[in-house]
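Open the model in a viewer and keep the sequence panel beside it. The stops below are given in the order in which to select them.

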Amino acid sequence: MVTNRRAAYAAARAAESQPQPLEIPELVEGQDLEEDFDYDDDDDDDSKPALRLDDLFSTAGAESLAAVTSPMPSAGATKPEPSELFPTKVKPEPESSPVKRKVLIPEPGEYKVMGAGADSAAAEEEDTLVQGVPAVQGDLTQMFWLDAREDTFGNAGTVYLFGKIYNEKLRMYQSCCCRVSGIMRCIFVLPRPEKAEEIGEVVAELGAYMASRGISQRRMKAVYRWYAFEEPGVPREKSRWVKVRYPASSPPLGITDCSGFKTFSRVFGDRRSFLELLLLKRKLKGPSWLSLRNAQRVADGDKLSWCTHEFAVSSPKDVSPLPDDASHPPVPLTVMSVHLVTYLNEKQRVNEIAAMTCVVQDRVSMEGSSEAAAARRDA
């Protein structure tokens, strides 16, 4: 019994090791392989021919790929004639079930949103044409601000607001910058308790000090304010202060110790940035819609930013936030993710950048999933 099993097992192994006759797939009559495959004569290592991506998504290309990559028949099989393997003409068969493209690969230097289906480019163009918030209503210009920067290179009192504005002709959102100038310095001076009712003496002493600093233009008035921080010696209840405003071109007061002054004991806001002053004064609480009154369009030769549109307003009072409601929805964003690959330079002992990759995604919603991401998940 054992001997019979061993003999049967050996016979089965011998049958598996012998080459089996293979069938050659039937080729389309008149097909020319040189039109479906590209060879590189300078880098020919006897490997399989390089395929064009478009050939993989066509019926004729799929049949050509099967013909080239199919294994050759065994020695006992009939050898086909060269005219059968390499016909000269192409007669395409009717595409009963065309191959559906799953991924679109853009050409070098070209950016496309990856989507499902061959018509994703047309769908992208349709999605770009959206209905947005009108850019101009009377003397008001509406923009959605996303970021802000203060000019610290010689143009004090100027803040740049960056965001997007709706182009009604192109029916799409475009980048926008608004120059806000005319922001003035604003400080608060706390009178000493015994001088709280004698504001005239406080103004006289503070005015003399500002004149010695070369600050000729200034405005002062008595106001009531509350203090909510932990600085010792400052009353938490409603108390009387002196509010001082003067141009940004003048230097800060530079008062750190008030012990040498007879009429006031504290100075607040001397080192505040103009960006902070604008955000607090106009109550800008984050990315939102803004109304720009009397905004002047900046000519292309005078632009200071790379934005498509640039405007300028002469006073921070011309900037006002718009209500956050259904008539002012958030704008779609264009987001880029960057990945850096670094290596250690042993001679200089510093990390240097070896490579960088990035992925750009447009039409990203701030309040939900983006349409392009949902299309890729459904693919």
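Throughout this tour, buried means under 20% relative accessible area, exposed means over 50%, and partly exposed is in between, computed with a 1.4 Å probe on protein chains only. This is a predicted model, in which local features need pLDDT of at least 70, side-chain atom pairs count only at pLDDT 80 or more, and totals for chains, interfaces and linings use all residues. Residues are numbered from 1 along each chain as its sequence is written, and side-chain values use heavy atoms, with hydrogens and water left out.

**Whole chain**

Begin with everything shown as a cartoon. The protein comes to eight helices and 16 strands; these are DSSP runs numbered from the N terminus, helices being H or I of at least four residues and strands E of at least two. Of its 379 residues, 29% count as buried. Contact here means heavy atoms within 4.5 Å. Among contacts between residues at least 6 apart in sequence, 64% join residues at least 24 apart.

**Strands β4, β5 and β6**

Select β5, residues 159–167. Eight of the nine residues of β5 are buried. Which strands pair with β5? Two strands count as paired if DSSP finds at least two bridges between them. On one side, β4 pairs with β5 in the antiparallel sense over six bridges, and Asp147 stands opposite Phe162. β5 and β6 also run antiparallel, joined by nine bridges; here Gly163 has Cys176 in β6 as its bridge partner. Now show the turn: β5 and β6 form a hairpin with four residues between them, and Arg171 in that turn has a positive phi of about 55°.

**Cysteines**

Stay in this region and show the cysteine side chains. The structure holds zero disulfides, a disulfide being a pair of cysteine sulfur atoms within 2.5 Å. For Cys178, the nearest cysteine sulfur is that of Cys176, 6.8 Å away. Cys178 is buried, with a relative accessible area of 0%. Cys186 also counts as buried, at 13% relative accessibility.

**Helix α7**

Next select α7, residues 274–281, where Phe274, Leu277 and Leu278 are buried. Look down the axis of α7: its buried residues fall within an arc of 95°, so they line one face of the helix. The arc is that of the directions from the helix axis to the C-beta atoms. What covers these buried residues includes β4, β5, β6 and β7. Just after α7, Lys283 takes a positive phi of about 60°.

**Nonpolar cores**

A nonpolar core is a set of buried Ala, Val, Leu, Ile, Met, Phe, Trp, Tyr and Cys residues joined through side-chain atoms within 4.5 Å. The largest has 29 residues, and those with the most contacts inside it are Leu161, Val180, Leu290, Leu292 and Val319. Two or more residues of this core come from each of β4, β5, β6, β7, α7, β11 (288–293) and β13 (309–313). Apart from it lies another core, of 16 residues, among them Ile187, Ile199, Phe261 and Phe264.

Which residues does Val319 touch, leaving aside neighbours within four places in sequence? Its contacts include Leu161, Val180, Leu290, Leu292 and Val313. Arg282, Leu284 and Ser291 are also in contact with Val319.

**Aromatic rings**

Show Phe, Tyr and Trp side chains. Rings of these residues (for Trp, the six-membered ring) pair if their centres lie within 6.5 Å; planes under 30 degrees apart count as stacked, over 60 as edge-to-face and the rest as tilted. By this rule there are eight aromatic pairs. Phe144 and Trp289 form an edge-to-face pair, 5.5 Å centre to centre with 80° between the planes. Phe144 lies in strand β4 and Trp289 in strand β11, so the pair ties together parts that are 145 residues apart in sequence. Both Phe144 and Trp289 are buried. Ring pairs link Phe144, Tyr166, Tyr173 and Trp289 into a cluster.

**Last stops**

Select Gly200 in helix α6, residues 199–212. Gly200 is exposed, with a relative accessible area of 56%. From Gly200 to Lys221 is 9.8 Å, C-alpha to C-alpha, and 21 residues in sequence.

Then go to Arg349, in the loop between β15 (333–345) and β16 (350–364). Phi of Arg349 is near 55°, a positive value in a residue other than glycine, and Arg349 counts as exposed at 74% relative accessibility.

Finish at Arg363, in strand β16. Is Arg363 buried or exposed? Arg363 is buried, with a relative accessible area of 16%, and has a positive phi of about 55° although it is not a glycine.
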